[in-house]
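My notebook is open, and I have a few places to look up.

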Amino acid sequence: MRRRAAIVKNWVNSYVYPMSKKRSYTLKQRAESQDATRQRIVEAAMQLHGEIGPRATSVCAIADRAGVQRLTVYRHFPTDADVFAACSAHFLELNPPPDPAQWQTQQDPLERTRVALAAFYAYYARTAYMWGRVLADEAAVPALAGPVGGYRQMIIDLACDLAGAFKAGRRKRQLAATLEHALFFPTWADLDSRGLSDRDKVSLVLSWVSGALGNPD
């Protein structure tokens with residue numbers, strides 16, 4: 001009986017454990033390979049979105065850029081929404097929007113607004129190649145609704161937060177609308193196309209804010 005137990009133990013130690021370790025190592029390698037492939041696809045999609053826009057980016061183009069088959073793209077991202085969600089998350093990880101901590105310590109509401117505008121306008125200057133193409137294709141690509149909707153809500157919340165610091169009375173809604181308009185990328189892009197520096201853009205918007213405030217109630 002003891003000899004049989006020893007034989008089983010030896011077999012487990014010499015065959016089962018090594019095979020189990022080998023299997024675990026193989027599965028780990030396979031998972032790492034799958035993760036690397038997925039990352040290549042996301043990188044390829046993000047690059048193409050910035051170069052030619054989401055609307056013109058086909059699955060074939062993504063597959064070619066990533067060096068994989070079309071079916072591989074579909075295996076990782078079954079729908080367009082899956083691709084855009086992963087691409088947006090990766091882009092924002094590499095290019096995070098300004099941190100509110102930059103301006104929340106400012107006690108003066110006008111200075112707080114100035115710092116927030118300056119931070120976002122500098123951010124847009126660095127990332128205009130992507131925001132311009134994505135927002136231009138928004139209406140034609142339904143799968144963009146989620147990522148772009150999240151961006152719009154962020155801007156709306158930020159505008160309301162900044163407006164809330166002012167003693168604007170019944171003009172607070174008008175002030176929030178002014179700040180919302182000023183913080184959206186298309187406004188920055190329009191002012192930039194007119195040759196205004198970011199500093200001039202901020203000064204102009206602050207004059208809008210003053211106009212929106214009028215005589216607080």
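I began with the second largest pocket and found 18 residues lining it, with P54, T57, V59, D80 and F84 nearest its centre. For my own record, a pocket is an open set of points on a 1 Å grid over the protein atoms alone, where a 1.4 Å probe fits and protein lies on both sides within 12 Å along at least five of seven lines; lining residues have an atom within 4 Å of a point. I keep in mind that this is a predicted model, where local features need pLDDT of at least 70, side-chain atom pairs count only at pLDDT 80 or more, and totals for chains, interfaces and linings use all residues. Residues are numbered from 1 along each chain as its sequence is written, and side-chain values use heavy atoms, with hydrogens and water left out.

The volume I noted for the second largest pocket is about 220 Å³ (the space filled by probe spheres set on the grid points, which are joined across faces, edges and corners). Helices α2 (59–66), α3 and α4 each give at least two residues to its lining, and α4 has the largest share, with 3 residues. I take helices as DSSP runs of H or I, at least four residues, numbered from the N terminus. Sorting this lining by class, I got 12 nonpolar, 4 polar and 2 charged residues. Here Ala, Val, Leu, Ile, Met, Phe, Trp, Tyr, Cys and Pro count as nonpolar, Asp, Glu, Lys and Arg as charged, and the others, Gly among them, as polar.

Next I turned to the largest pocket, at about 270 Å³. Of its 18 lining residues, S88, F91, L92, W131 and P147 are the closest to the centre. At least two lining residues come from each of α4 (80–94), α6 (109–136) and α7 (145–164), and α4 leads with 6 residues. I counted 15 nonpolar and 3 polar residues in this lining, and no charged ones.

Is H76 buried or exposed? I put H76 down as buried because its relative accessibility is 18%, and buried means under 20% relative accessible area, exposed over 50%, and partly exposed in between (1.4 Å probe, protein chains only). H76 sits in α3, residues 70–76. Beyond neighbours within four places in sequence, H76 touches Q34, T37, R38 and I41, where contact means heavy atoms within 4.5 Å.

Last, the cysteines. I found 0 disulfides, a disulfide being a pair of cysteine sulfur atoms within 2.5 Å. C60 is partly exposed at 37%, and C160 is partly exposed at 45%.
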